[in-house]
Every structure is written in C-alpha cells, then in structure tokens.
Amino acid sequence: MILRPFEYVESQTVDDAVAALRGGGDDARVIAGGTALVPLMKHAVLRPARLVSIARVPGLADIAPATSGGLRIGGVATHWAVSHATLVRERSPLLAYACARVASPTVRSMGTLGGNLCYGESASDPAPALLALRATVRLHGPGGARTVPITEFFTGFYETALQEAEVLTSLDVPAMPAGARWRYLKWTPRAQEDKALVGLAAMLVLDGHRCRVARLAVGGVGASPVVLARAEQALEGQELDEATIARAADAAAGEVEPMDDLQGSAEYRRDMLRVWVRRVVAGLAEGRAS
Amino acid sequence: MADTVVVGKSVVRTDAAAKVRGGAMYGVDVRFGGMLVGKTLRAGIPHARIVNLETSAAAKVPGVRAIVTGPDCSRRHGLFQKDQPALAIDRVRYAGEVVAAVAAEDEEAAQEAIERIAVDYEELPGVFDVMEAVAPGAPLIHPDQMSYERAQVTGLVLNPVPDSNISYHFKLRRGDVEAAWSQCDLVVEDTFSTQFVQYAHLEPHVTIALYDATGVLTLWTSTMGPHTVRDMLADLLQLPQQRVRVITNMVGGGYGSKMYLRAINPAAALLAMKVPNRHVRILFDREDEFLSCAGRLPTRTTMKTGVKQDGTLVARQSTIYWEKGAYADIGAVIVRNASYCSLGPYRIPNARIDGYLVYTNRQPGGGFRGLGIPQVSWAGEQQMDRVARELGMSPLALRRRNILGEDDVSVTGERMHRVGVGECLERVAAAIGYERPLERTAPSGARRGRGLACILKSTLTPTASFGFVKLNNDGSVDVITSAVEHGQGAHTVLAQIAAEELSVPLDKVRCVMPDTSVTPFDRSSTSSRTTFHMGLVVKEASADVRRQLLDMAGAVIEVHPRDLEIRDGAVAVRGAPDRALSYGQVIARFYGGPGTVLGKGVVNTKPLYDTMNAETGQSSRPSIFWMYAAIGIEAEVDPDTGQLTVGRMASAADAGKAINPLACVQQIDGSAIMGLGMAMMEEVAFDGGRTLNPTFLDYKIPTTVDVPDTDVIIVESGHDEGPYGAKGIGEPAIAPVPAALGNAVYDAVGVQVKDLPIRAEKIYRALRAKGEERG
C-alpha cells in the first residue's frame, strides 16, 4: 500500500499536458485532485510511470457565464467550488446540489468535476445531473480540441469517450429553463456517506399539469450513468397523473441494465429505480422538493 | 459512602488537551533514527500446503537486511490451544495469513523484496461456512489439533473434539429441559445468524522491535495487553520474561483487536533478532487490518424458548456455532462467557446451552467489544419479542415478568445482587415512550416501530492486577500501572481515584504508560475490567501511601499516627489544624532530604471466583461483576424500499457507580453507536475465503451523519467489592442494539430479519415475500 515511484509533470498549459501525456504513452495518467487515482495507485490497480498534473493550468478551474445563459465550468474546478459558486447555484442549481452530495467534505474539496467524469464511475453524483442538463464535454488532445455530448461520453463500465492523451478541459452546461423543477436524489440506504445505489437527476418543465420537458438520468444502477430516455418520452407531452408517472417509472426500470454488487442486487436496483422515478416525478409534479 | 471530591464528578479527560492539539503520542507516532522498515507477505490463498518458498531473489534487493519465514520459529502460540505458528509453516489456513516478512532500509526496498518472494502452493479444499465445518467428512483445518500443547486455565477445560474442526465445546445444564417443554403453553424455536465485523479502529496495528546487545527484545507496540504480549512472545521465542520488554503508548482504538499475538508482533520480533541493534518497524495498512487481523466471530444460533401462558419462562435452550476462523486465539473464552449469557438476564429454571468453537479457513475472529453478547442477544432478545407476540403480551411486560432481580438465581446457579438490568430496561422504555401510543405512519409514509432489548455480560474472572502509587517530593503523584489508555478514559478514572484518596488536585496526578520492565503485571485493559480492577489497585496503593505518610509524619512531629489525619493535601493533627505539614515537608523532614513514598496495590479475584463445572456450566460466582445494559429504539421503515432509519436510540448501562459520569456517557453512547453499525451496515463480505471489501469505500461504518438522536442513561446499582461501588461500562451498551433494532423493524412492518446486518434490501425482500403470501 505504498505509491511506487513515478515521474510528476506539472503542466502550465493544456498543450504541455497533452504533450507530456503523449510522451508517456500508456504509462501516463492525468492527475488533478487525485481522489480516485491515488487510492487506485496505492492498491496497485494502476501503476502509472508518469503523472501529468493539470491542476495548476491557469484558467482550468474557472467557472464562467456563457452567452447562451449557461455556464462553462473548467475541468479542474473542485466539487466544493462548483457547489458553492453563486453562478452555478443560480443558473444550474441541479448541478450545484449534485456536486454538494459527492462523497465527504474532504473529497469534495480535493476532487475535481472533470476528474469525477473521466473516472467513469457509474455512481457519480454530477454525471446524472450533467446528463439531465445535456451538457457538452470539451476535450483537448493531440488532434486539437473537440466536443462530445455528455450523453455520448460514458461508454461502459469505467469507460469513457476520452481518447489517448486527451484532457477534459471544460464543460458547457446549458441554462436550466425558466421555471424548471429539479431534484437530485442520492439514495444511500446503507450509510449516508456511501456511493449512490440510485442517483437520480430529474428536471421537468411543466405547462400547468402537462409536462413540456422531461430530463431524467441515473447513476449507480447500471455499468455507467445513463439518460432514462424512455421514461422521458413517457412523460413529455403528457398530463402528469398517477398512471403516466407509473408508466414512466416502469419505462425507467425497463431501460436500465443493473448490476449486482455488495451494495445491492441488480433486481433490487431496478425495483428501487422504479420507486424513485415515481416518487421524484410525482413530487416535482406537485411542486414538492427542489 | 463519605462525600467525595473528585470521584463521581464529571471531569475533562486528562489526555483531552494533548489529543485535541494533535500532540498525544500514539503507537504510530513512535520513531527512532535509522529504523528499518518491515513488511509482511500475505498468502492470498485460503487453504494450501506450502510446497516451496523462495527468498533468494528478495535477499538480493539492495537495502534488504533480514527476511524471516515460518521455519525461523518452530513453536506455536495460542492463549489456550497453541495452534498458531509465528508465520505460516508448511500450511496456510487463511488468505491473510503471513508467510514471510522483510526488513529493509526503506519502504521501497521492503516492498520490492516482498514482491520478489516466490511461493508455490498446493491448494487444499477449504471450509468457509461454520455448518459445513462441523458436517461429517469436512476437510480438517488442524488435523493435528489433539497433539497441540494446551494451557491449564482455571475454569476452562479445553476439550477439542477428535477428527473435527471443533476445538472447544461449552456445556450448560440446569434443571431438565426435555421434561420442561411439555409443561409449557408455548414453545418457539428460531435460527439466527450474525456476520463478520471489523473493528475499524483509527490507528492500525504497529510494532517497533529492537533486539539489543544485552539480549533484551523490546517492542513498542499498540496493544491493550502489554503483559499478555510479553508472556506469549517470551513463550513463543523461548526467552525469559525479563528479556522481553513491551512498551505501550496511547492506543488509537482497540475494541479487543489489539490483543494477543497478531502476526505483526512475532514478525517484527523475529526480524529484529536477525539484525541486532536495529529498530524494525512494521505498520499495518488498512488492507492488512481487514485481511491479516481479526474481527467479530460470525455465529449461527438456534434458540428455543418455552413459557407459560402468563409469560413465565419455563425453559430455554441455545445451540451456538461460533466461527473462529483459522486459529483458536481467545475463542474458548468467548464461547464460554457469551454462551452462558446467551439465554438473557432472566430467571430460567430449565436451561441447556451448547456452544461450539469451530475452525474455518477465514481470518481468525477475536475478542470484540461485547465479547459475543451482541451475537447471542440478536437471537435471544428477538425471540423474546416473538414469544410476547404469540402470547399477546407486551414485550416489555414479558421481560418484566422474568427479569433477574435481587436474590434471583441465574442460569449458572448464582444468587444475584445489585442487579441493574431491570432499571436499565425501565429507563430506556420510558425514554422512548415505549408504553405510549405511537403515530404509526410518518408524514413520509414510512412505518414507525419501537424495539427493546436488554443483556447481561460477565468479565474475565479470575484475574490479578498490580500497581504502585508514588508520591513525589513536591506532592505530585505518579500512578504506575499497566493500564492502557486506548481512548476509554481509564487514565482519567485512575487519576481521579488517586487524587481522591490522597486529597490532591487532579492535575497533580499522572498515569505513566505501560512498560513491562517497569509497570507491574496486568492481564489487559479489556473486558471492561480496568475501572474495577485497576481502580481497586490504585485505591489500595493510595491507602498504603496514606498510611506510610501518617507514620512518617507521626515520627517527625512526635504524635501518634492515630491522632493525625490527611486533610486538604496535607497531614494535620486532629483538632489542631494549624499543626499541618505538606506531603513534601513530611518527606523532607523524615529523610532529611528528598525521598518518595511508594504504595502498593494488589487485586486478586480468585478467592471470590467459583470454578465453573465443565459438564454443567454451574458456578456460584463465574464473574467478579456483571454488566447490564438495555437499548430502546424508535425506527422507521419505508415500506416501498425497505429503508430503515433510526429516529431515536436510548441506551442505559449499569456503571455500579460512575467515577467520571461524563466519560460513562461517552462510553455508553459510543458503544451503542458502534452497535448500530453492526446492526445496519457493517459486514465483511467473502467469496469463499477471499475478502471482497477490505477498504472503507466498500465496508461502511457509521459516520457522524448516520447517528440518530441518542439518550444516554447511567444506572448506578453499586457493587460490594468495586472501588466506590464502580464496575465496567465500556462494552455492555453495544450488545442489545442489533436485537432492539430487529424488534423495532418487526414492530414497524411485521417482518423479521434473522441474519445480520439488517440491510434495506433484506427488509424489502421480506416485505415482498409477505405480500405474496397474503396474495
């Protein structure tokens, strides 16, 4: 349980970081907060020969307004910074709240939003929020900059669209529509400070009782965080009565591929997703909880 | 009792300031210049023959100074049955077993050397379940157990069963259980099980060993029992006890874990003996703690209870299989002491108990806060609620009808006195409003329920403890004992007693840290025994100092000692308060210069102990004192998810007399909260012999945000022999928690979980099954 020797590169620019990653090949890793990477190194799951830090690249932790009314959040902004920024609280309270639910205070103040996403953990708290918000991921690699919709970013069990020597530089988070109702439900039945068994992000825009926009995404249930597209379809354009909400909950339970682990069985996860989609949507429809 | 000044008052712990400021010296803080780094190699395979173990490549790593393996020490150790090698010899019996250790100039070299040790194993069929282990034809984990050396222990007859994995069978027989069942109006029987739980103390195991030029082996180690470590190491290494010196500093949590010989101690000692005059330090990491140390023994208990229609208990029977893992360690005492308490704090005329200590190929269990009582009360106290339900009685009324009181006879045949359990039960019931109506449905839709449980627990008996109290020239006092401060507040309590007896301010008293070459023998700071045993020692040693002071002062001022008294920190002539001498003046004038007054205290509980009958488990005094506790819980269950939320928890324990009431509250509260962890979330998960969750990411313990509102109640029933009537308080409140919570769950939603922990998914499944049954 000791860190093996490695080379540490403190990058001054994103291009420096990309070059250092290319130079290191398969044995190079990006480090920012280190809250996921360092424990994996201590357990010898990963043994990188080179760590390329992007934590001190000027501007990479910035949180700035976008002209569209949304936000641009730098990849190395910490969960603490995101959850406390007035700008985020005003323009994207769902994301601010999800970041406030990450792990424990120590992890929140060291771990970064970009690191959280690049780790590819299914039970990520910000991931479902960003999926529900339809954020865009900005990456920078040897071929220059590119963008990936976050809905295409998570590709499998601890796998992402991040390519070799790429760095997540920022996220574009669209503004939440005026009057949007939202909730992030982090359900941890075992202990409060645990990974989400169901981490459900929801945003609804209603016209009276009719649902104009439904955005639902969940972490912790399957191999990676996912949008609950069929549940969204079941709600959009519909009156939010009990039967519609139940149909959406069933659709959500039907479209996920849950996994067994020590926290709970796949079947239990599926059943609990059904319960929480029903409760969260019903709550938002009634104007409770946001 | 005369009025006391310091005893019985809530005082700030004497170690608080240093701990809060980060300055307290724990075992992990001890460092020496030029220390070698020691590391251990775990087998990683649960049951295997070691075919070949090759260390030559490791020895060539630059900086490596010593490598030890099993054959470096051919003897075995064990508290009762000597079944455990220092490091595995020939055979590996659990995956975390240490097969080799290395000492090197730095951590990197030590780690590299460990990785270069090559071991060839021939895998053997493993046994990973207690019932499989006792089934006929099960692979034998210790085929040679009948030939092992066994210690002679008063009141414990070791009786391993030949050609089996059973190393001890405890029996209790009282009345005639078989005849009694037919006299009962109701007989119920259930089987319950409990899980392997980790101690999760903050400070890991750490040992620094030095073998010096005079042939003395010194260990600085984080242990709750320095003399036990000394005795066991001396025996294992065949060294005289005065050449094995064990020094202990502040211990960062123990709970029973840091006792006896975990692999870390012999490994460090053997390495140090290969490189004389170099300190070798081994620090276990969290994975080592999970894999190579110990935990709470898993159990499978079948409990049967027979009652009259009015609730009177007629007969009770328990059969308990205790999974001990690979080595017996303190197992026999856990099985004996917890089994004879398994039927609960009740009058039971007909009783039968069988407790079996069973080897498996998993890490050895150890003594753990509550020593088996949480496991057995999980069965017994849930069954009490079932009996009450089937009789149509209140669970509280059923307990009231049968609970032990003054002059009642226990199942071991002891006439009981100063029995605080009834008061504990009544006060927790009142605290959670057990007999008041309950709003059954919470605003959230969750269902509410309440549960109670109560227990009794014994302490290690017989034992002996010794200590000194030393009065210095300036009137300050050193308390010289081997009591270990592992966070329980023992040093504050002992300082309070010395301050009280010698009439000096608390801040003039200091408890020294244990050092087996200096501080006298004490078995261990475990079993909630320190306040009682060491408290008596310090009280007696202080009285000895007082007597000597009066004699010395009498000689100095030529007054008969009986005309002198100790008052306000001075020796004064009775009726002539102006004729007083400070302690320093007495010493200076008696010796014509500096000196000291040294008082001695001894406590020996053997004369009060009645040796337990090995066939019937009968003893008129098996324990020098009894601990009693009760828990009351109000909880909510979400019927759609099974989620369990504890709203309130009231805990009560009988302190006899609270020497430091604030510390008693902290001990009871901490113990009960630890019980919630066991009840709700803590579980070491296995795939066969492989541990699946050896990290705090996957093994959860309660954090501050998980703790409900708690009410803590100190009951003071006194004790005829204890110091000021005090007895132990550290353990009992953990024990009733799982059962109380199980009873609250049943009260809320009508399902019973019989295997710990009570996870939401289990409640959910039980609710689903119940729903399907009803159609």
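Analyst: Let's start inside chain A: domain 1 of chain A and domain 2 of chain A bury about 1000 Å² between them, with 77% of it on carbon and sulfur atoms. On the side of domain 1 of chain A, the residues losing the most area to domain 2 of chain A are V14(A), V18(A) and T35(A), together 36% of what that side buries. A word on the basis: this is a predicted model, where local features need pLDDT of at least 70 and side-chain atom pairs count only at pLDDT 80 or more, while totals for chains, interfaces and linings use all residues. Residues are numbered from 1 along each chain as its sequence is written, chains are lettered from A and ligands numbered from 1 in the order written, and side-chain values use heavy atoms, leaving out hydrogens and water.

User: Thanks! Why is that area called buried?

Analyst: The term is used because it is the accessible area (1.4 Å probe) that two parts lose on being put together, summed over both. For domain 1 of chain A and domain 2 of chain A, that loss comes to about 1000 Å².

User: And what makes these domains 1 and 2 of chain A?

Analyst: Their bounds come from an automatic or database domain assignment. For chain A this assignment gives domain 1 (7–53), domain 2 (63–173) and domain 3 (181–285). The C-alpha centres of domain 1 of chain A and domain 2 of chain A are 19 Å apart.

User: How many residues of domain 1 of chain A are in contact with domain 2 of chain A?

Analyst: There are 14 residues of domain 1 of chain A in contact with 14 residues of domain 2 of chain A, where contact means heavy atoms within 4.5 Å. Between domain 1 of chain A and domain 2 of chain A, the rule finds zero salt bridges and one residue pair in polar contact (both at pLDDT 80 or more). Helix α1 (residues 14–24) of chain A gives the largest share of the domain 1 side, six residues; helices are DSSP runs of H or I with at least four residues, strands runs of E with at least two, numbered from the N terminus.

User: How do you know that D271(A) and R768(B) form a salt bridge?

Analyst: The rule asks for a side-chain nitrogen of Lys or Arg within 4 Å of a carboxyl oxygen of Asp or Glu. For D271(A) and R768(B), N to O is 2.9 Å, so the pair passes. The count between chain A and chain B is seven salt bridges. Helix α11 (residues 266–285) of chain A gives the most to the side of chain A that touches chain B, with eight residues.

User: How many residues does that chain A to chain B contact take?

Analyst: It takes 24 residues of chain A and 29 residues of chain B. The two chains bury about 2400 Å² between them, 51% of it on carbon and sulfur atoms.

User: Why is R759(B) called buried?

Analyst: Buried means under 20% relative accessible area (exposed is over 50%, partly exposed in between; 1.4 Å probe, protein chains only). R759(B) has 13% relative accessibility, so the label is buried. R759(B) sits in the loop between α17 (737–749) and α18 (760–774) of chain B. Not counting residues up to four places away in sequence, R759(B) touches residues including R190(A), L262(A) and M680(B).

User: Finally, what makes D515(B) and R245(B) a salt bridge?

Analyst: The closest N and O atoms of D515(B) and R245(B) are 2.6 Å apart. Across the interface of domain 1 of chain B and domain 2 of chain B, the rule finds one salt bridge.

Note on methods: A polar contact is a pair of N or O atoms within 3.5 Å; within protein, one must be able to donate a hydrogen and the other to accept it, and residues adjacent in sequence count only if both atoms are side-chain atoms.
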